[in-house]
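Subject: Structure handover

Hello,

Here is the structure I promised you. Please open it next to this email and follow along.

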Amino acid sequence: MRRLSRVTAAAAAGAMLLAGCGGGTEDPADDPVTLQVFAAASLQEPFEELGEQFEAEHEDVTVEFSFAGSSTLVEQILQGAPADVFASADTKNMDKLTEAGLEAADPVDFTTNTLMIAVPAGNPAGVTDLASLTGALNLVVCAPEVPCGAATATVEEAAGLEFAPVSEEQSVTDVLNKVTSGEADAGLVYVTDVAKAGDEVEGIEFPEAQEAVNTYPITTVDDSAEPELGQEFVDLVTAEQGQETLAGYGFGGA
Amino acid sequence: MRTLPRWILLPAGLGALFVVLPLVAMAARVEWGEFGALLTSESSLSALRLSLQTSLTSAAACVLLGVPLALVLARSDARGTGLLRALVLIPLVLPPVVGGIALLYAFGRQGLLGRHLEVLGLQIAFSTTAVVLAQTFVALPFLVLSLEGALRTAGTRYEQAAASLGARPSRVLTHVTLPLVLPALLSGTVLSFARALGEFGATITFAGSLQGTTRTLPLEIYLQRESDPEAAVALSFVLMLVAIAVILLAHRRRVA
């Protein structure tokens, strides 16, 4: 036992020594800068792509993303999380930021997203439009408390229908998972979610979706350590390049 | 206490503070003026009712399944007992979400067993049954663990004595073994009830979330955070009080 602990101690010391050496060889002059971007979960794929472009255009800049529900993100920023840029999936959560006076610039609407019916591959329940969702099938939607659920309630009202979902999920991802796993016969998700899910689900458009167009605003956050870089990222997203990337993932123009 | 070095009090105090501070901070955030109104809203009451209902059912299921399991694990020296114990304890270390996914592949519509149940017209996913399954899955190890420990500590002396006097195995079980470990059985049941009450990950993955059917208190708290943080804090505080009551109950039993 004694021998073992001595060996462990030697190994630990060696590791520390190595780590110390590694740190010493780096040049302290060009400090890498990290840009913290807090973005709605639905933006993950296009933003990661834009982040890589941004890193390619800016030497020694690392873009770090925090993808989560917009309300979770805004709550974290209000509690002091170090965000440089905030991109929300709805205006309501952006309003929470501006009400607290934490925006560094006026938020800009940069993209939109609309609802779509998602069904498992093969459409086992034979869903054709919004009205067919009221039949005897396992329908899963977002809870009215979250943005996708509010949009669901709007299209429901616009179509004069009343859904009887088997579950009201916390997030649009949860709805999509229930559809891809085949537990649900249909779910209401965003166009971008259907695009992301690939062959596992089929998307069905419906005209009432235009009644609930979700607008995504973006802004730089007050007290950011990198205000100029943050603004440059916002500019990238709102410029042609960013808009093309977003469109590639099914997002609509602002 | 005399044998302990005095400096140990400092880290011990820090440890206690680390646990207590967040709870105190949460209690400080409760809006007491609206506390009653926040708790008695329809959605809160329905979640509370569903939580108590499912957790009690799950605790009962844990007793039905867990007591025989604990008996076998404690008394059998057959090969494979060790492996069985390891398997039964898996839900204890598994992230609940993973448990939920596993349950989905077993009891979901496309699942190993669920596929056949679906043919019979039985659907477990999105039902209260699914909530109970998820809770029982995560809570069972708590009962098995505390009961098995007590059975081992109690030993087999009294059981052997009863058997030598002519008692049949079933009579030994009900008149000697179970009364001996009754305190552990009670505290194990209380613990599994508490674990079921706090279940979140497996439930949201496997059962879904619908008011009155599958949306238990932890799911309601998580959802209320989106729209009404004050209500979420009030409900969290209630769950905390229940947790404290449960611990006091279980701990007293154990000491006795």
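**A pair of facing residues**

In chain A, A:Val140 stands opposite A:Gly187, which belongs to S8(A). Keep in mind that this is a predicted model.

The two strands behind that spot are S6 (residues 139-142) and S8 (residues 186-190) of chain A. They pair in the parallel sense, over two bridges. As background, strands of a sheet pair through backbone hydrogen bonds, either parallel or antiparallel.

**The sheet and its helices**

What is the strand order of the open sheet in chain A? Reading across, it is S7-S6-S8-S5-S9. That makes five strands, and the pairing is mixed. Two of them are edge strands: S7 (167-169) and S9 (201-204) of chain A. Each of these pairs on one side only. From one strand to the next, the twist averages 35°.

**Two domains in chain A**

The domain assignment gives domain 1 as 33-112 + 216-248. Domain 2 is 115-211. So where do you look for domain 1? In two stretches of the chain, 33-112 and 216-248.

The centres of the two domains of chain A, taken over C-alpha atoms, are 28 Å apart.

**A helix pair in chain A**

Next, find helix H2 (residues 44-57) and helix H9 (residues 240-248) of chain A. They pack at an angle of about 145°, and their axes are 9 Å apart. The crossing of H2(A) and H9(A) is right-handed. H2(A) brings A:Pro46, A:Glu49 and A:Leu50 to the contact. H9(A) brings A:Gly242, A:Thr245 and A:Leu246. By class, that is three nonpolar, two polar and one charged.

**Chain B**

Which kinds of secondary structure does chain B have? It has 13 helices and zero strands. Its C-alpha atoms fill a box of roughly 65 × 65 × 30 Å along the principal axes.

Look at one helix pair here: H3 (residues 42-75) and H7 (residues 128-154) of chain B. Their axes come within 6 Å and cross at roughly 40°. H3(B) and H7(B) are therefore oblique to each other. This crossing of H3(B) and H7(B) is right-handed. The contact of H3(B) with H7(B) has 18 nonpolar, eight polar and two charged residues.

**Where the chains meet**

Last, the contact between chain A and chain B. Each chain gives 15 residues to it. Which element gives the most on the chain A side? S7(A) does, with three residues. Recall that S7 is an edge strand of the sheet. By class, the chain A side has five nonpolar, six polar and four charged residues.

Best wishes

How values were computed:
Residues numbered from 1 in each chain as written. Chains lettered and ligands numbered in written order. Predicted model: local features only at pLDDT ≥ 70, side-chain atom pairs only at ≥ 80, totals over all residues. Domains from an automatic or database assignment. Pairing = 2+ DSSP bridges. Helix = DSSP H or I, 4+ residues; strand = E, 2+ residues; numbered from the N terminus. Axes fitted to C-alpha atoms, helices over the stretch in contact; angles between N-to-C directions. Parallel < 35°, antiparallel > 145°, perpendicular 65-115°, else oblique. Left-handed = near helix turned anticlockwise from the far one by under 90°. Nonpolar A, V, L, I, M, F, W, Y, C, P; charged D, E, K, R; others polar. Contact = placed C-beta atoms within 7 Å.
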